[in-house]
Amino acid sequence: RLCHPPVSFPSLCRTHLQSLGVITDDPFLTETNNTQKRKLSQKRKTQSSIDGYLSPWPTYTSGQTILHNRKPCSDDYRRRSGSWQQQTLGTTKPRYLEQLENYLRKELLLLDLSTDSAQELKLQPYREIFEFFIEDFKTYKPLLSSIKNAYEVMLAHQREKIRALEPLKAKLVTVNEDCNERILAMRAEERSEISMLKKEKMNLLKIIDKKNEEKISLQSEVTKLRKTLAEEYLRYLSERDARKILIADLNELRYQREDMSLAQSPGIWGEDPVKLTVALKMARQDLARTQMELNTMKANFGDVVPRRDFEMQEKTNKDLQEQLDSLRDDYKEVCKEHEMLLQLHMSTLKERDQYHSELQEIQRTSTPRPDWAKCEDVVAGGPDRWHMLAEGKNSDQLVDVLLEEIGVGLLQEKDFFPGLGYEESIPPFLRFEGVVENKKPTKKDVINLLKDAWKERLAEEQKEKFQDFFLNFLERRFGPADAMAWAYTIFENIKLFRSNEVMSQFYAVLMGKWNESVYIKQKETVTQLLKEMTNVDSQNEGLLTMEQLSTVLKSTFPFKKEEKIQELMEAGGWHPSSSNADLLNYRSLFAEDEEGQSRPFVQQLWEQYLEEKDDYLQELKQELGLELREKVTLPKVREALMTIDPKLDKQTLNSYLSQAFQLPVTELPEEAEEKTEDIVIQLQTALERLQMADIRRMGPREQEPVS
């Protein structure tokens, strides 16, 4: 073993200080250091701003700075801390420090701080104090100089930035003044416009008053004319009766004259011939005068009929008019029945063709009917859950249920999904390279998440695309790190569960098969229907009679056929054997189960909407009279839409054309423009685009006149 001689503590401190370069044993270096100290002392004495010397304070406390490995809570630590504090309180401030502080205080008092560059001037004394430190402490001069230079460079950089921002500040003030002037000008213009509109309103009110006065005067004049007309009518009636009496008197006189002539005939031959000649002449004159009066009477009263005949004809005419009105009403009813029968016939033919094609397809690909009871022991949950899943479903729907059950198991086994890349054909919310984690949520969690997404989408202004919104929604909900993993997880779930109403509708909108307006309009329709039922329920008991339900459905959907209303009522719980006075809990029609599935009433409403859209587009295709591969122009589509739906307003028509031809509404040409013939598209493409949008009938189609 090597033994070392004992070393004292002062020698160890000296060795340590020599290693740090603080002291040295070299005589030459010692002499050099002493010379430098003397020069530094002389230089400090010659400085005009600070007349003093460096104090070695606190040299006697240098030993206190050595850190000891003591616990803060130990008694030894408290004793040493107390003794150190007592020694510190006994020390006084160095003289050199006091001189520096006095110099700084005097320089700050001499500064003029009222100018704009007050902060710059205030910094100068501190800079000089720092330079004194640099000059006095030679050992640390390079480090302090580098610190000072770094701060100077930073200050210069900040000055340049401030100098560059000065014009922007002036420009901002100018722009602010211009905006204020514009606002004042616009307010003045609005005030003048408001005053002009008020004057125009007063003038229009005066014109309305004047027109009302004219209307009152005209009504009084019409009343007076009616009274005069009635008096004239009575006068003409009395004159007609007087003429009839006169004719009767004339006939009576003629008959009396004939009787007198017959009574005097035996004695005519005994009369004087001259007298007879004169009598004959007078008789001929009377005959001519009577004939003239008779012609005048015929001319004046040739078109006049007796009152009795007139009243009989009037009564006959009234009876015939009533019969005609009754026949017209019967004819209208027959026309409506004929139209309904034609529609029923067309729908029957359509169903027959569909059933025939289905029958042929079944006959071609018919296989033995599967035994679905075998699935009871395979599906999770046993027979009870399988019966619940299979209730009311056909074979095709049961196959979807089985695929979903199989897919759920496979989906839960996956821990990661492979990324699809960054190609443009990939939706934005699936663009990722690598693998993402399968979050494995439950079906209920996915449905609640989709409902929250719809609520947030309906609450915002809907400026961004739905796919971008979906990704942003997931980033806000789960953060940017987990958003892509949740996007892949939700996408795989909604792609699998096609039988779920919430998931299938969200998948269709997300993949662009439907416009989101289809979902929004359907929700608004359901909400409006519930509101109408609530308004009818005056007692607010949640109950309606079947008659009230039928009335609400007909008023809310005026263009639905009677059989469609019947289907909705049956879906709501009405049966042909039930009475119209039976009560129905209408609020239960709009309830949803745990998985977001609607009641049969709302599902039937949705299915009818899809059928009506298909019929509408089929009617449009028949009106165009073209094959699916043929091209169609914009004017023809506009004309066909107005033909099958005359009540279509211009805004809705333009939205349909914009959807079909993929043109903004503002760029759609008017009907009179010639360039509309240049806009063509394949009919099948136009119908597919319209199928994606919310297409509804605005009014009934005008019926062709029956010959």
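How much of the accessible surface of the protein chain belongs to carbon and sulfur atoms? The share is 56% of about 51900 Å² (Shrake-Rupley method, 1.4 Å probe). This is a predicted model: local features need pLDDT of at least 70, side-chain atom pairs count only at pLDDT 80 or more, and totals for chains, interfaces and linings use all residues. Residues are numbered from 1 along each chain as its sequence is written, and side-chain values use heavy atoms, without hydrogens and water.

**Overall fold**
- The protein chain has 21 helices and 6 strands (DSSP runs: H or I of at least four residues, E of at least two).
- Of its 707 residues, 24% are buried (under 20% relative accessible area; exposed is over 50%, partly exposed in between; 1.4 Å probe, protein chains only).

**Salt bridges**
- The whole structure holds 25 salt bridges (side-chain nitrogen of Lys or Arg within 4 Å of a carboxyl oxygen of Asp or Glu).
- Arg-697 pairs with Glu-619 in a salt bridge, with the closest N and O atoms 2.7 Å apart. This pair links distant parts of the chain, 78 residues apart: Arg-697 follows helix H21 (683–692), while Glu-619 sits in helix H18 (residues 600–624).
- Arg-697 is partly exposed, at 26% relative accessibility.
- Arg-696 and Asp-694 form a salt bridge at 3.1 Å, N to O. Both Arg-696 and Asp-694 are buried. Elsewhere, salt bridges with shared partners join Glu-135, Lys-138 and Lys-141 into one network.
- Within it, Lys-141 and Glu-135 have their closest N and O atoms 3.6 Å apart. Lys-141 is partly exposed at 28%, and Glu-135 is partly exposed at 25%.
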